[in-house]
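Let's take a walk through this protein chain, one piece at a time. Have the picture ready as you read.

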Amino acid sequence: MGFRSMKALVYTGKQNLDYRVVPEPKRQKEEVLIKIDAVGICGSDMHAFLGHDERRPPPLILGHEASGVIVEGPFEGQRVAVNPLVSCANCWACKKGKINLCPKREVISMPPREGAFAEYLAVPYANVVTVPEKVNICNAALTEPLACGWHAVKLGMRSLDIELSKSKCLVIGGGAIGVGVSLALNAHGMSNHTILEKNPLRQKSLKEQLLVNAEIITSIDGNKEYNFVVDAVGYCVTREISSKLCLPGGVIVHIGLGDGMGGLDVRRMTLQEITFIGTYTFTKEDFMETAEAVFSGKMGQFGWVEERPLKDGKRAFGDLYEGKVSASKILLRP
């Protein structure tokens, strides 16, 4: 089966995306061609769009949070969610199951691999997970961003000196990664926690649609401290909040990639023995566990997600940048 061309949303330069006809991807040995049903806009896509990510030079098709149907290769017709981390399978990290640390790791939407803001995507068959017929194929695209939160929670739990269910937890940021952390906390037995989100539209959406027992706050209370702080934003100011509000002996998990400098009170963290953990993406085990949680309903409903046509992708990026979006995640549909 062959498709000589396809429509794609191409990043062509700072704050510019062009919806145009491009050559379809040609699958290599052990790869499958997937007809994309849904693909999410990630914060890393936004960083590239703003010209802040040298790993994603234009022209490039962005997008790595994807689901769809195999139309060429093994198991044609199978509905799948895509794991965008393509690892070597032979290094020490891969042999330990830590594909996120593979030194030869490739990521869909980073050269040499084009992304999923397109009608079709070629990936190794080893990088897909079968989606049951009962599961909404669009929800399956959320497996990747939710797996990031799942991985972050597991890392934090290993370092906490108190049971997660008995700890006080703060999640900074109510975007898709913060929501993923919140849902993962809930799935791991954390019945109550706090989410800090300053966007009024997103606050309202979280309160109405998230459906977990979380307190949504708009500003920090300097008198409250937390055993477990997850920075799902990653800017200087959010790192400052993290190191200020983390209890002695507590854990900060830093998953956001907003910027790379400043914010942490290293002296306080040293004196109070606060553990800081940087986390990037997830292991294969995390992805599989998250997929099962999504497919079985453990990650709840998805009212916090908005769908838009891929051809309107540039406007979606602009609305996100200007804070006009109430949803925590926008899915684009070719």
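## A helix lying over the sheet

Start with helix H7, residues 236-245, which lies across E11, strand E12 (193-196), E14 and E15. Compared with the direction of E15, helix H7 runs at about 150°. Keep in mind that this is a predicted model.

Strands of a sheet pair through backbone hydrogen bonds, and the pairing is either parallel or antiparallel. Here you've got an open sheet of six strands with parallel pairing, in the order E13-E12-E11-E14-E15-E16. At the edges sit strand E13 (214-217) and strand E16 (275-278), each pairing on one side only. From one strand to the next, the twist averages 20°.

Now zoom in on one pair: strand E11 (residues 169-172) joins strand E14 (residues 226-231) over four bridges, in the parallel sense.

Strand E15 (residues 246-254) holds Pro 248.

Setting aside neighbours within four places in sequence, Pro 248 is in contact with Arg 268 and Gln 272. The C-alpha atom of Pro 248 is also 9.6 Å from that of Thr 270, 22 residues apart along the chain.

Finally, find helix H4 (residues 143-159) and helix H9 (residues 284-296): they pack at an angle of about 115°, their axes 8 Å apart. The crossing of H4 past H9 is right-handed. Among the residues meeting here are Trp 150 in H4 and Phe 287 in H9. Sorted by class, the contact of H4 with H9 has eight nonpolar, three polar and five charged residues.

Methods
Residues numbered from 1 in each chain as written. Predicted model: local features only at pLDDT ≥ 70, side-chain atom pairs only at ≥ 80, totals over all residues. Heavy atoms only, no water. Axes fitted to C-alpha atoms, helices over the stretch in contact; angles between N-to-C directions. Helix = DSSP H or I, 4+ residues; strand = E, 2+ residues; numbered from the N terminus. Left-handed = near helix turned anticlockwise from the far one by under 90°. Contact = heavy atoms within 4.5 Å. Nonpolar A, V, L, I, M, F, W, Y, C, P; charged D, E, K, R; others polar. Pairing = 2+ DSSP bridges.
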